[in-house]
Amino acid sequence: MTDSRTTTAAPDGPDVTDGPGATAPGPGRPEAPRSRTRGFTRRSVLGGAAALGGVAALQSLLPPPASARPTAMYVGRGIGDMTGEPLGAGMNGYADTEQMSVGLHLRQRARAFVFADSSSSPRFLHVTAEIGLVFQSIQQEVLRRLAAEFGDTYHEGNVVITATHTHVAPGGTSGHPMVDLSMLGFRPVTFEANCAGIVDAVRMAHHDLAPSTVGVTTGALHDAGANRSRGSFERDTPEERAHFPEGIDPRSQSLQITRDGRLVGVLNWFATHATSMTSHSRLASSDNKGYAAWHWEREVAGQDYLAGGTPGLITAFAQTNPGDISPNLHLAPGQGPTADEWLNTRINGERQYAAARDQVGRGVRGLGTGIDVRHTWVDMSAVEVRPEFTGDGRTHRTAIAALGASFASGSQEDGGGGDELPFAEGDRGGNPEVKAIADLVVPAWLREAHGDKDILLPAGLVPHAIQRVFPFHLVRLGGHHLFALGFEPTIVAGLRLRRTLAAELGVPEDHVTVQGYSNAYGHYVTTPEEYSAQNYEGGATVFGPWTLPAIQQIAADLARSMRAGTPLDPGTPERDLTGQIPASPLGNPLVDTPAPLRDFGDVLDQPHGEYRTGQRVAVRFCGTHPNSDLRRGDTYLAVERAEGGRWVRVHDDGDWSTMIVFEGLLTVTNALITWDIPPGTPAGEYRIVYTASGRGIDGRLFPVRGESRAFHVR
């Protein structure tokens, strides 16, 4: 087991301060290495209380009504390592071709929950994946593997996989070139790691299925996000703006799972982008939501991910409708609440954790019984939207996909947009030059269909460049409903969806959760009013101004089918294009060779003899290219302490206090391991251990291990 980890120092970038017992640099973090060539970039009633006092006093002596008690269900919990390639892989989110991975800070994990009324009844499977986006390619491959292992237990109708939307995780896993082009191609190794990690989590959850109690709680979190598109938000109705007086959706909602009175699982939803780490960060990380889960499981619960078996507590932090919400509270990349992106990631994650933790055991509403699911595949480029949803009494249609010039500007509050590109969001002047060109080269029917958008990339006119057919799921867990879609809804778009579903289902709005980034990715969903501003989110609403009303119509149809108990034809998905995009030529090792006059595992730079807490230990090894063996479920590094004549691992590469940076030149790769010694670390003798696999000239892998000399922490 690991040591006590109350508060850890935020690690710096890969630079190392020289000198004995060097202290890690202060709040400002050195920028990760950048490539020399600039790449293409882009870039959310207490009335009558006195009269009822006696009744309330009497009720406090009675047991809570059945609807307020946690519901008895069967629940399974699982976790899997899905970390992608830590060297030479494009990262998914900012679409910055310069943002290529050079190392690993926090491992990515998938967390699965299986829900059922009994051990033999139909199930619902929910997976939260710490990746940038879930694509149809990942969904379809995971379903294939689950079918091969579990038969028809899990299928496209009862499985929802959602992304936390970290922008600093290796990508290249889509089946459509519009996304993978910015990562310079498809990455089979990362794709395999993502899919295998999800399946590992599901397998663990499947075998963990056991009687549990489940309840839902709702709290508020006000200091973990800011509206990055106020000009768009201000175009929504006065009532909607009043519903969100701070311009954010503060709702932190959780499913709490207990066994024998002990908390064993939490599935939390909160709306804020996982963009605390900027586009300059090149170390793979799960960002603020990953930190929240890691902190609760690892630092608070003291769990060791490498110990084997099912952990005692699994916590997942999923997205809802964060399309226009940034974690950068000062509305600039890496800014807010501090000027340190590493510290901001930790603070934001801790706030999400605290909001979920404070709900434990408080105001728990029982789910009730019964599980029901409806799902459908819809061609979003050709939806005829009925007048009841358009708001103007007329029928409208969605459009063939096109991206606006404001999309290419990027979200300037979160980063990724290129200052050297001549594009601007609507609130910053728009793009009259692009409009003038579009008026000449873009067909009039397409311009008309997209309304206020200055069309830059009519991607839908290129076959298979962008996904057209999307899955939508409506899930009932007792009396709570989850609507899952593969888009990024803004907070008011999410509100309208919740209200549409609540009205159709006849339930309170608080009994509905909208979850984006699920099973596919189709960019943003704004309200028609927000769309007209043509800020980043509107430019990225690819199917035109009537996208949200179309999705409201889809949600209502699913709800009507569910409430009536009638079947619904789910339709069919698009052809799976996995593997059709050429693999990226970068970061694919053919052979490993050691540095001249060195052997694999040799220590090139040893630690100093003595350190204090708060200082940084740095050790450089003669290593190998990490992409040959991602060490899923294992570690590239270990911090070990001498105990009773043996060495005991106390930290690994999944911890916040450690980092590994790979320095590659042709076939030679060095591994720089750093450990920022956390406060409260026990005094004693420590060492750093490096483990990896190398690739020989014959293509076979061989083990590599290196150990630093011992050093003292006092």
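User: Which residues line the largest cavity?
Analyst: This is a predicted model, and in it the lining is made up of Phe135, Gln136, Ser137, Ser174, Gly175, His176, Met178, Val179, Ile466, Gln467, Tyr521 and His523. The elements giving two or more residues to that lining are α2 (136-150) and α3 (177-180).

User: And what volume does the largest cavity have?
Analyst: About 90 Å³.

User: How does the lining split by class?
Analyst: There are 5 nonpolar and 7 polar residues, with no charged ones.

User: Back to α2. At what angle do α2 and α4 pack?
Analyst: At about 45°, and the axes of α2 and α4 (residues 188-208) are 10 Å apart.

User: Which residues of α2 make the contact?
Analyst: On the α2 side, they include Ser137, Ile138, Glu141 and Val142. From α4, Phe191, Glu192 and Asn194 are among them. The contact residues of α2 with α4 come to 10 nonpolar, 3 polar and 5 charged.

User: Switching topic: how do α13 and α16 cross?
Analyst: Helix α13 (residues 491-505) and helix α16 (residues 547-564) cross at roughly 25°, their axes coming within 9 Å. That angle is under 35 degrees, so α13 and α16 are roughly parallel to each other. This crossing of α13 and α16 is right-handed.

User: What meets what there?
Analyst: Residues of α13 including Ala493, Arg496 and Leu497 meet residues of α16 including Leu548, Ile551 and Gln552. By class, the contact of α13 with α16 has 10 nonpolar, 2 polar and 4 charged residues.

Methods: Residues numbered from 1 in each chain as written. Predicted model: local features only at pLDDT ≥ 70, side-chain atom pairs only at ≥ 80, totals over all residues. Heavy atoms only, no water. 1 Å grid on protein atoms, 1.4 Å probe; cavity = no way out; pocket = protein on both sides within 12 Å on 5 of 7 lines; lining within 4 Å. Points joined across faces, edges and corners; volume = space filled by probe spheres on them. Helix = DSSP H or I, 4+ residues; strand = E, 2+ residues; numbered from the N terminus. Nonpolar A, V, L, I, M, F, W, Y, C, P; charged D, E, K, R; others polar. Axes fitted to C-alpha atoms, helices over the stretch in contact; angles between N-to-C directions. Contact = heavy atoms within 4.5 Å. Parallel < 35°, antiparallel > 145°, perpendicular 65-115°, else oblique. Left-handed = near helix turned anticlockwise from the far one by under 90°.
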